[in-house]
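Please walk through the structure below one region at a time.

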Amino acid sequence: KKEYVMKVLVTGGGGFLGGALVRALINKGVGVRSFSRGNYPELQSIGVETVCGDLADFNSVVEAVDGCEVVFHTAAKAGVWGNYGEYHKTNVTGTENVINACLKNRINRLIYTSSPSVVFHNRDQEGVDESGEYPSDFLTHYPKTKAIAERMVLEANSERLATVSLRPHLIWGP
């Protein structure tokens with residue numbers, strides 16, 4: 001059995017950001033488990049343990065987190081079209097399940113991928129930092145549900161679970 005520096009879970013490891021993160025972690029000698037809705041043989045071929053499941057299923061998330069030291073939560077329902085329930089199920093319920101699975105499994109670090117759209121107020125923004133306020137209205141369900149999830153992640157920050165929320169903007173290319 002291969003020895004790793006540490007073992008981490010990446011939710012959404014089959015996605016664009018998650019896949020890039022998975023490959024970077026593998027290249028650093030980190031043991032990686034990916035939790036995604038689909039099967040990704042290309043991840044398995046580079047040594048990633050892949051687990052298929054739904055973030056809305058708490059027991060599946062608990063099993064995926066088990067044995068890991070850190071969770072990178074990159075999975076999300078993105079886009080500008082669709083019904084609120086689907087966005088809420090993945091982005092809010094899924095994130096709540098990730099937080100609670102971390103606590104249940106005594107994982108003490110959670111890195112959450114949010115979005116700058118959680119603080120977008122329908123006007124140009126310059127110099128906005130983490131103290132920027134959430135708007136009262138959102139243009140679409142994506143930023144609304146990501147803002148709810150981000151608040152949960154930040155509120156979960158404690159001595160038991162150190163959390164951070166990252167807001168990358170326009171991710172593309174290698």
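Helix H4 (residues 84-104) packs against helix H5 with their axes 9 Å apart and at an angle of about 10°. That angle makes H4 roughly parallel to H5, because angles under 35 degrees count as roughly parallel, over 145 as roughly antiparallel, 65 to 115 as roughly perpendicular and the rest as oblique. Here axes are lines fitted to C-alpha atoms, for helices over the stretch in contact, and angles run from 0 to 180 degrees between N-to-C directions. Helices (H or I, at least four residues) and strands (E, at least two) are DSSP runs, numbered from the N terminus.

This is a predicted model, in which local features need pLDDT of at least 70 and side-chain atom pairs count only at pLDDT 80 or more, while totals for chains, interfaces and linings use all residues. Residues are numbered from 1 along each chain as its sequence is written, and side-chain values use heavy atoms, with hydrogens and water left out.

The crossing of H4 and H5 is right-handed; a crossing is left-handed if the near helix is turned anticlockwise from the far one by less than a right angle, and right-handed if clockwise. Which residues meet there? From H4, the residues include Tyr84, Tyr87, His88 and Ile99, and from H5 they include His141, Tyr142, Met152 and Ala156. Contact means heavy atoms within 4.5 Å. The residues of the contact of H4 with H5 divide into ten nonpolar, five polar and three charged. In this scheme Ala, Val, Leu, Ile, Met, Phe, Trp, Tyr, Cys and Pro count as nonpolar, Asp, Glu, Lys and Arg as charged, and the others, Gly among them, as polar.

The crossing of H3 and H4 is right-handed. Phe58, Val61, Val62 and Val65 in H3 meet H4 residues including Asn97, Val98 and Lys104. By class, this contact of H3 with H4 has seven nonpolar, two polar and one charged residues.

The next stop is a pair of strands. Lys7 lies in strand E1 (residues 7-11), and Glu49 lies in strand E3 (residues 49-52). The side chains of Lys7 and Glu49 are joined by a polar contact of 2.8 Å. A polar contact is a pair of N or O atoms within 3.5 Å; within protein, one must be able to donate a hydrogen and the other to accept it, and residues adjacent in sequence count only if both atoms are side-chain atoms. The side chain of Glu49 also makes a polar contact with that of Arg33, at 3.1 Å. Buried means under 20% relative accessible area, exposed over 50%, partly exposed in between (1.4 Å probe, protein chains only).

Ser165 is placed in strand E6 (residues 162-166). Ser165 counts as buried because its relative accessibility is 18%. Its side chain makes a polar contact of 3.0 Å with the side chain of Glu150. Beyond residues up to four places away in sequence, Ser165 touches Tyr112, Ser114, Glu150 and Leu154.

With a relative accessible area of 23%, Pro116 is partly exposed. Not counting residues up to four places away in sequence, Pro116 touches Arg167, Pro168 and His169.
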